[in-house]
Amino acid sequence: MKGKVTIPADPQRIVDVAGLTEELLLLNMNVIASANTSMFDGVSVPDHLKQIFDEKKMEVVGNYSGALSTGDLNLEKIAELKPDLIIMNVRHDKVYEQLKSITPTVMIEDDVSYVNWRGRFQQLGQWFNKKRMWKNGLLTMMPELPSLRQKSRKAWGMKRLP
């Protein structure tokens with residue numbers, strides 16, 4: 001986390017500019033806007049998220065993985081939405097001061113490679129006191145995970161996978 005911030009106990013107006021929209025929705029968080037747009041054009045919502053964006057009337061506020069140091073964020077639009085929490089990643093370090101002037105802003109501990117997706121999901125669960133939900137969310141995302149783990153342990157002769 002960057003700086004000192006108190007995360008609201010039950011945020012109702014989250015703006016995600018870190019590419020965590022899917023994880024947040026699995027945790028039943030109220031995302032009102034996202035920068036979770038296509039890496040190809042930076043504007044369109046990925047096909048697998050279009051319906052959810054429409055149903056929840058989520059706004060697009062930029063591209064979290066944009067080429068610019070700001071991640072191509074629309075800071076004015078974010079401010080107009082009056083969020084009670086902004087979640088960012090290291091790509092937005094240069095605009096952190098501007099984001100935190102809008103509302104409490106937290107930075108996910110992330111290397112931006114998304115290899116540590118489980119750690120990202122766990123960190124969100126801890127921030128929002130939803131540890132049980134994040135574990136269940138992992139199982140929802142990957143229902144075959146327990147059986148794969150067991151098969152892998154047996155195949156590799158391990159009691160515990162790293």
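**Figure 1. Salt bridge between D47 and K50 in helix α2.** The side chains of D47 and K50 form a salt bridge with an N to O distance of 3.1 Å; the term requires a side-chain nitrogen of Lys or Arg within 4 Å of a carboxyl oxygen of Asp or Glu. The two residues are three apart in helix α2 (residues 47–55), so about one helical turn separates them. Helices (H or I, at least four residues) and strands (E, at least two) are DSSP runs, numbered from the N terminus. D47 is exposed, at a relative accessible area of 66%, whereas K50 is partly exposed at 38%. Here buried means under 20% relative accessible area, exposed over 50%, and partly exposed in between (1.4 Å probe, protein chains only). The model is predicted: local features need pLDDT of at least 70, side-chain atom pairs count only at pLDDT 80 or more, and totals for chains, interfaces and linings use all residues. Residues are numbered from 1 along each chain as its sequence is written, and side-chain values use heavy atoms, with hydrogens and water left out.

**Figure 2. Salt bridge between K77 and E59.** The side chains of K77 and E59 meet in a salt bridge, 3.1 Å from N to O. K77 belongs to helix α3 (residues 75–80) and E59 to strand β3 (residues 59–60), so the pair ties together parts that are 18 residues apart in sequence. K77 has 26% relative accessibility and counts as partly exposed; E59, at 31%, is also partly exposed. E59 in β3 stands opposite A33. Strand β2 (residues 31–34) pairs with β3 in the parallel sense over two bridges; two strands pair if DSSP finds at least two bridges between them.

**Figure 3. Salt bridge between E97 and K100 in helix α4.** A search of the whole structure finds three salt bridges. In this view, the side chains of E97 and K100 meet at 3.5 Å, N to O. Both residues are in helix α4 (residues 96–102), three apart, which means a separation of about one helical turn. E97 is exposed, with a relative accessible area of 52%, and K100 is partly exposed, with 41%.

**Figure 4. The open sheet and its strand β4.** Five strands form an open sheet in the order β3-β2-β1-β4-β5, with parallel pairing. Its edge strands are β3 and β5, each of which pairs on one side only. Strand β1 (residues 14–16) and β4 pair in the parallel sense over three bridges, and V15 stands opposite I86 in β4. β4 and β5 also pair in the parallel sense over three bridges; the bridge partner of I87 in β5 is V106. From strand β4 (residues 85–88), L85 and I87 point one way and I86 and M88 the other way, and all are buried. In a regular strand the side chains alternate between the two faces of the sheet.

Figure 5. β4, α4 and β5 make a right-handed β-α-β unit. A crossover is right-handed if, with the strands pointing away from the viewer, the path from the first strand over the helix to the second runs clockwise. T103 sits in the loop between α4 and β5 (105–107) and counts as buried at 9% relative accessibility. With neighbours within four places in sequence left aside, T103 is in contact with P83, D84, L85 and I86, where contact means heavy atoms within 4.5 Å.

**Figure 6. E76 in helix α3 and its separation from I102.** E76 is found in helix α3 and counts as exposed at 57% relative accessibility. E76 and I102 are 26 residues apart in sequence, and their C-alpha to C-alpha distance is 9.6 Å.

Figure 7. N28, which is not a glycine, has a positive phi of about 60°. N28 lies in the loop between α1 (21–26) and β2 and is exposed, with 53% relative accessibility. K82, also a residue other than glycine, has a positive phi near 50°. K82 is found in the loop between α3 and β4 and counts as exposed at 63% relative accessibility.

**Figure 8. Helix α5 and the residue N129.** In helix α5 (residues 117–127), the buried residues include G119, R120, F121, Q123, L124, G125 and W127. N129 follows α5 and has a positive phi, near 55°.
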